[in-house]
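Have the sequence and the coordinates open side by side. This walk-through moves from strands to helices and then to single residues.

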Amino acid sequence: MRKVIAAILIPFGAAVLVGLVVLWPGGAPAHERTGVGFDRQTQQATVTKVVSVSCASVNASGDTPTGDTSTAEGSSAQQQASGTCKRATIRVDTGDDKGRTFTEIVQPDQSRQLEQGEKVVVAYEPSAPKDLQYSVTDVNRRIPMAVLAIIFAVAVVVVGRLRGVMALVALAISFMVLNFFVLPAILQGSNPLVVAVVGSSAIMLIALYLCHGLSARTSVAVLGTLISLLLIGILGSLFIDWAALTGNTDDNTGLIHGLYPSIDMSGLLLAGIIIGSLGVLDDVTVTQTSAVWELHEANPAMGWRGLYRAGIRIGRDHIASVVNTLVLAYAGAALPLLLLFSIAQSSVGAVANSELVAEEIVRTLVGSIGLVASVPVTTALAALVVSADRPGPGKAPVTAPEATPVAPAGAMAAGSAQAQARGGRGRRRKR
């Protein structure tokens with residue numbers, strides 16, 4: 001079995017390496033910025049001064065709004081006319097215009113209220129009038145994000161030790177593969193599905209062997225992950241075509257399609273399903289393989305059928321928790337969208353039929369089917385491989401500890417004395 005696995009994985013690894021070389025991009029292709037969404041020039045800036053002003057004095061129209069003020073639009077218009085706004089002075093800290101200042105009016109009903117000394121991100125539009133070239137787009141979150149990343153890294157290293165360090169290295173390599181191979185290759189016009197398969201395979205091989213070592217146990221997990229990814233790819237392609245999912249459902253995907261019309265958006269959707277399922281698949285296959293190996297260590301005389309039955313019992317508990325985790329993860333990410341449907345009092349059928357929700361349903365169910373299938377596949381492969389390790393000549397099979405109870409030393413001495421006494425009285429000596 002080890003030779004069979006090697007005969008599969010060695011050519012597979014070589015094919016992944018060839019795919020990386022052939023599809024490796026020279027970087028993301030250049031394009032003229034549209035100034036829409038994320039496709040804008042941005043700089044770092046600081047809010048230097050904030051003063052309160054009357055909204056009526058700074059708004060373009062000083063007329064009192066009319067209409068139903070019970071609606072969101074009417075209430076907002078009334079606040080802008082009679083409320084207190086903020087005039088913020090922002091200093092640009094990076095770029096050619098470093099040190100330049102501009103002002104921005106913050107309405108009272110805006111979700112983001114600027115404070116003095118706050119670090120922000122500003123967008124730059126060179127074609128706009130000079131006093132309107134800069135505008136605040138977001139808050140600078142680099143420091144809290146960096147602190148959270150450091151806490152995460154320390155927790156992983158403290159608990160996982162050397163394995164934790166290797167996991168962080170594998171995580172860094174995964175991000176590098178995504179940023180320097182997968183994304184630029186898709187932007188250059190390569191087939192998103194092919195790029196995702198090659199990239200996810202490279203991530204899988206590097207992460208598993210780096211974290212768990214070059215061994216038969218890891219190879220079984222790699223093979224189980226590969227078979228499950230193949231099933232996910234087939235099911236995803238089938239149901240994306242059958243459900244007529246275009247992959248172009250929001251402003252971000254619309255901007256990508258507008259900038260790069262040659263990108264197959266449905267293929268990009270399938271690529272996302274494969275890459276998104278990879279992380280959870282690694283967890284399931286490694287856990288199942290380790291469980292079978294530990295069962296074999298506990299009782300080397302157990303055959304592959306016994307190992308499979310014991311391993312699949314562990315896998316059933318794993319399936320229940322992992323599928324629930326995956327569904328809740330997607331539901332949590334789409335919670336604002338689900339809330340909008342709830343506000344609109346849409347029926348469950350209408351919600352599920354919309355393309356935006358149907359994409360998430362296909363993504364969740366296809367990934368869950370792959371996860372469920374990975375348990376019996378990986379468990380069977382692990383049982384077949386590890387059951388070949390029979391005890392050699394002269395090695396007695398290990399039995400359960402409870403089969404050979406050990407009596408205390410005092411009890412053994414007392415028992416020996418009683419036996420000698422009984423032997424002296426009741427046994428005849430042969431002459």
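What follows is a short tour of the fold and some of its contacts.

This is a predicted model; local features need pLDDT of at least 70, side-chain atom pairs count only at pLDDT 80 or more, and totals for chains, interfaces and linings use all residues. Residues are numbered from 1 along each chain as its sequence is written, and side-chain values use heavy atoms, with hydrogens and water left out.

Start with the sheet. Five strands form an open sheet in the order β3-β2-β1-β4-β5, and their pairing is antiparallel. At its edges sit β3 (101–106) and β5 (134–139), each pairing on one side only. From one strand to the next, the twist averages 45 degrees. Strands are DSSP runs of E with at least two residues, helices are runs of H or I with at least four, and both are numbered from the N terminus. Two strands pair if DSSP finds at least two bridges between them.

Now look inside the sheet. Strand β1 (residues 41–54) meets strand β4 (residues 119–124) in the antiparallel sense over 6 bridges. A45 has V120 in β4 as its bridge partner.

Move on to the loop between β4 and β5, where Q133 sits. Is Q133 buried or exposed? Its relative accessibility is 11%, so Q133 counts as buried. The classes are buried under 20% relative accessible area, exposed over 50% and partly exposed in between, with a 1.4 Å probe and protein chains only. The side chain of Q133 makes a polar contact of 3.1 Å with the side chain of R100. The Q133 side chain also reaches the backbone oxygen of P126 at 3.3 Å. A polar contact is a pair of N or O atoms within 3.5 Å; within protein, one must be able to donate a hydrogen and the other to accept it, and residues adjacent in sequence count only if both atoms are side-chain atoms.

Helix α4 (residues 142–187) holds S174. S174 is buried, at 14% relative accessible area. A polar atom of the S174 side chain lies 2.9 Å from the backbone oxygen of A170. R161 is not a glycine, yet its phi is positive, about 55 degrees. At 64% relative accessibility, R161 counts as exposed.

Next comes helix packing. The axes of α8 (residues 265–298) and α12 (residues 355–386) come within 8 Å and cross at roughly 30 degrees. So α8 is roughly parallel to α12. Axes are lines fitted to C-alpha atoms, for helices over the stretch in contact, and angles run from 0 to 180 degrees between N-to-C directions. Angles under 35 degrees count as roughly parallel, over 145 as roughly antiparallel, 65 to 115 as roughly perpendicular and the rest as oblique. The contact of α8 with α12 involves 15 nonpolar, 11 polar and 2 charged residues. Here Ala, Val, Leu, Ile, Met, Phe, Trp, Tyr, Cys and Pro count as nonpolar, Asp, Glu, Lys and Arg as charged, and the others, Gly among them, as polar.

Helix α6 (residues 216–242) also packs with α12, at an angle of about 150 degrees with the axes 8 Å apart. These two helices are therefore roughly antiparallel.

Finish with A271, in helix α8. A271 counts as buried, at 3% relative accessibility. A271 and G233 are 38 residues apart in sequence, and their C-alpha atoms are 8.4 Å apart in space.
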